Amino acid sequence: MKKLNICLIVAAFVSTALSSCQKKFDPSTYAPPLSIDGFTSSNKVAPESLVAKWSFDGNLVDSVSKVAGTNTGTTFSTGVKGGALQGALNSYVITAPSAAVSGLTSFTFAEWINTPPPSVGIVPLFSLANKAGFWGNIEIFFENGSTNDIGLLRIHIFNGTDDKTLEVNGTKNWFDKFVHFAVSYDAVTATCKVYMNGTRIVNQPFPGVTGPLNFKNQGNIVFGAPQFMTTPSQTTTHGAEGWASFFTGSIDEVRIYNKALSDIEVGAIAKLEGRGK
């Protein structure tokens, strides 16, 4: 009987040891890493050309220059990838641009936005201030009257002598959900491209702009307001306007590059960030 008990104990021990060594099969551990057009992370897309990046993961720091912005009224919310900057009426962030941003001759600007359509004034997406101009050296916004059926996007660029505007009309589905927006200017071809969720929707010469950009009177970067809606105004020539307003939605994963990215690169950023990569 004792011999039988010992055998049963040994058998139970061996069974327990074997089961503890067995690993539950998890198919995901054998799956290859996500790769989109050869990129496994949005940070691997043209890193040598990235001159500014704000993830808004609980702070206002540009992870490239390490400069932190100054907050007026904004908070943080949930973004596409981590946190996001949450705008509100009379709220904005001001931050000093690096020399690389102030001296851009070509560029790609990209960000995720989640905003209602205009209701009390234009919806600003980004401003690189021109301290002596009405609009910034770069000023991007949705015009009054924009709806999910008819988006009215405006892109202003200072070309060295005055402000020039590209109007993108009739685009759809920009509002009330996270959308990836990107715009580029190529100094070699004087071409502007606009992207929505990684897909190019505009490819044309920028009206009145040729060759390398030549910004003047460079001021601060503004998130959440046109350059003239801050207090004090970022420009000496103008103050607040009743037809303008503030960004009341969420902004996430802002990137600025010193070149015009390719369609593949912009598409990869949108798709990878959309998957948290």
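**View 1. Ser106 and its contacts.** Leaving aside neighbours within four places in sequence, Ser106 is in contact with Tyr185, Asp186, Ala187, Tyr257, Asn258, Lys259 and Ala260. Contact means heavy atoms within 4.5 Å. This is a predicted model: local features need pLDDT of at least 70, side-chain atom pairs count only at pLDDT 80 or more, and totals for chains, interfaces and linings use all residues. Residues are numbered from 1 along each chain as its sequence is written, and side-chain values use heavy atoms, with hydrogens and water left out. Ser106 sits in the loop between α2 (99-102) and β6 (107-114). Helices (H or I, at least four residues) and strands (E, at least two) are DSSP runs, numbered from the N terminus. A polar atom of the Ser106 side chain lies 2.8 Å from the backbone nitrogen of Ala187. Is Ser106 buried or exposed? Ser106 counts as buried because its relative accessibility is 10%. Buried means under 20% relative accessible area, exposed over 50%, and partly exposed in between (1.4 Å probe, protein chains only).

View 2. The largest nonpolar core. This core has 46 residues. Ile140, Phe181 and Val194 touch the most other members. A nonpolar core is a set of buried Ala, Val, Leu, Ile, Met, Phe, Trp, Tyr and Cys residues joined through side-chain atoms within 4.5 Å. Aromatic pairs. The whole structure holds 16 aromatic pairs. Rings of Phe, Tyr and Trp (its six-membered ring) pair if their centres lie within 6.5 Å; planes under 30 degrees apart count as stacked, over 60 as edge-to-face and the rest as tilted. Trp135 and Trp243 form a tilted pair, 6.1 Å centre to centre, with 55° between the planes. The pair links distant parts of the chain, 108 residues apart. Trp135 counts as buried because its relative accessibility is 14%. Trp243, at 33%, counts as partly exposed. Trp174 and Phe181 form an edge-to-face pair, 5.9 Å centre to centre, with 65° between the planes. Trp174 is buried at 1% relative accessibility, and Phe181 at 0%.

How values were computed
A polar contact is a pair of N or O atoms within 3.5 Å; within protein, one must be able to donate a hydrogen and the other to accept it, and residues adjacent in sequence count only if both atoms are side-chain atoms.
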